[in-house]
Amino acid sequence: MKKNVLMVFAAAVLSAIMGLSAYAMGWQQDSAGRYWYGTNEDNSQWCSNGWWWISGANDSLMKCYYFDEQGYMLSNTTTPDGYQVNADGQWISNGEIVLIAAPEQQVFLQAGFDYTPYLITDQGNSDGNGDASRNQTADETGEEERLQKLQNYRQDLDLALSKMGYLYSFDIDADGNTNIELWKTNFRLDNAKMTKIVPSVRRIWINTLKPAFSDLSSSLTETHDMYGLDGTCVVNLYTGDTRTLLLSYEDGECLYDYVTD
């Protein structure tokens, strides 16, 4: 299950976004009543973009929380990947809070690690070394494997996109349908219009710019397919200033071209 990015900004930016001053590491609440979790002493780093295991004060057990892109905890809702969290933001299954024994006295952990050996059963049984007693059906095992696959894909996709030189966002639903949005801030709408009018610029678009983005889309689709996910992989390119759609690909096939369509 789950995905995560540790967003790093200056403490001043954090204060501006969250609307409060820096406090010691841990749970914080802004003036609007929203909770977030700082992961270093000056809270210039925090949990965001998915699931995190967090333990309470002097607590050897960890609970799992979902944080949005801005770092705010979700509560009393269904998360984007289809799981339930209670009023306190804790992941619940069949009405019960999911608990793990904190490995090596960790206070917080990104949810991409293999938590299953630390999982506490309904009876709370654990041998103290992280080997929990578990009665799992084949369906439960398959579901955990599917969720772990989704989580690994989220992490790999985020890492790949962060290195491509685009502004980006993406969404992956519980079925593996992926929607990726990319922006080029140095390609304005007037540039795009020129490609429709000036033959030489149009040739550059057709022969260079579009093939490059087509290769990028194919690479992202291959990453999606490599994980054996169901659903489609949509990749859209926008101008950075006007959010005008320039190119749209689905499973590697171009569905829309601003210049030629």
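The side chains of Asp30 and Arg34 form a salt bridge, with an N to O distance of 3.1 Å. A salt bridge here is a side-chain nitrogen of Lys or Arg within 4 Å of a carboxyl oxygen of Asp or Glu. The model is predicted: local features require pLDDT of at least 70, side-chain atom pairs count only at pLDDT 80 or more, and totals for chains, interfaces and linings use all residues. Residues are numbered from 1 along each chain as its sequence is written, and side-chain values use heavy atoms, with hydrogens and water left out.

The two partners of this bridge differ in cover. Asp30 counts as buried because its relative accessibility is 7%. Arg34 has a relative accessible area of 39%, so it is partly exposed. The classes are set by relative accessible area: buried means under 20%, exposed over 50%, and partly exposed in between (1.4 Å probe, protein chains only).

By this rule, the count of salt bridges is two. The other pair is Asp257 and Lys210, whose side chains meet at 3.0 Å, N to O. This pair links distant parts of the chain: Asp257 belongs to strand β17 and Lys210 to helix α4 (residues 199-226), 47 residues apart. Asp257 is buried because its relative accessibility is 1%. Lys210 is partly exposed, because its relative accessible area is 22%.

The protein chain holds four helices and 17 strands. Helices (H or I, at least four residues) and strands (E, at least two) are DSSP runs, numbered from the N terminus. Of the 261 residues in the protein chain, 41% are buried. Accessible areas come from the Shrake-Rupley method with a 1.4 Å probe; for residues, only the protein chains shown count as cover. Among contacts in the protein chain with a separation of 6 or more, 51% involve residues 24 or more positions apart. A contact means heavy atoms within 4.5 Å.

A patch of negative charge lies on the surface. Its members are Glu222, Asp225, Glu250, Asp251 and Glu253. Patches are made of residues with over 30% relative accessible area and no salt bridge; like charges are joined within 9 Å, and nonpolar side chains (Val, Leu, Ile, Met, Phe, Trp, Tyr) within 5 Å. Lys and Arg count as positive and Asp and Glu as negative, while His and the chain ends are not counted. The place of a charge is taken as NZ of Lys, CZ of Arg, CG of Asp or CD of Glu.

Asp251 sits in the loop between β16 (245-250) and β17 (253-257). Its phi is near 50 degrees, a positive value in a residue other than glycine. Most residues other than glycine have a negative phi. Asp251 is partly exposed, because its relative accessibility is 38%. Asn49 also has a positive phi, about 60 degrees, although it is not a glycine. Asn49 lies in the loop between β4 (45-48) and β5 (50-55).

Tyr258 is placed in the segment after β17. With a relative accessible area of 13%, Tyr258 is buried. The C-alpha atoms of Tyr258 and Leu246 are 4.7 Å apart, while the residues are 12 apart in sequence. Helix α4 also contains Pro211. Pro211 is partly exposed, at a relative accessible area of 31%. Not counting residues up to four places away in sequence, Pro211 touches Trp205 and Ile206.

Two further loop positions were examined. Asn86 is in the loop between β8 (84-85) and β9. Asn86 is buried because its relative accessible area is 15%. Not counting residues up to four places away in sequence, Asn86 touches Ser75, Asn76, Ile92 and Ile97. The C-alpha atoms of Asn86 and Ile97 are separated by 8.3 Å, and these residues are 11 apart along the chain. Gly95 falls in the loop between β9 (91-93) and β10 (96-97). Gly95 is exposed, because its relative accessible area is 61%. Gly95 and Gln84 are 11 residues apart along the chain, with 8.9 Å between their C-alpha atoms.
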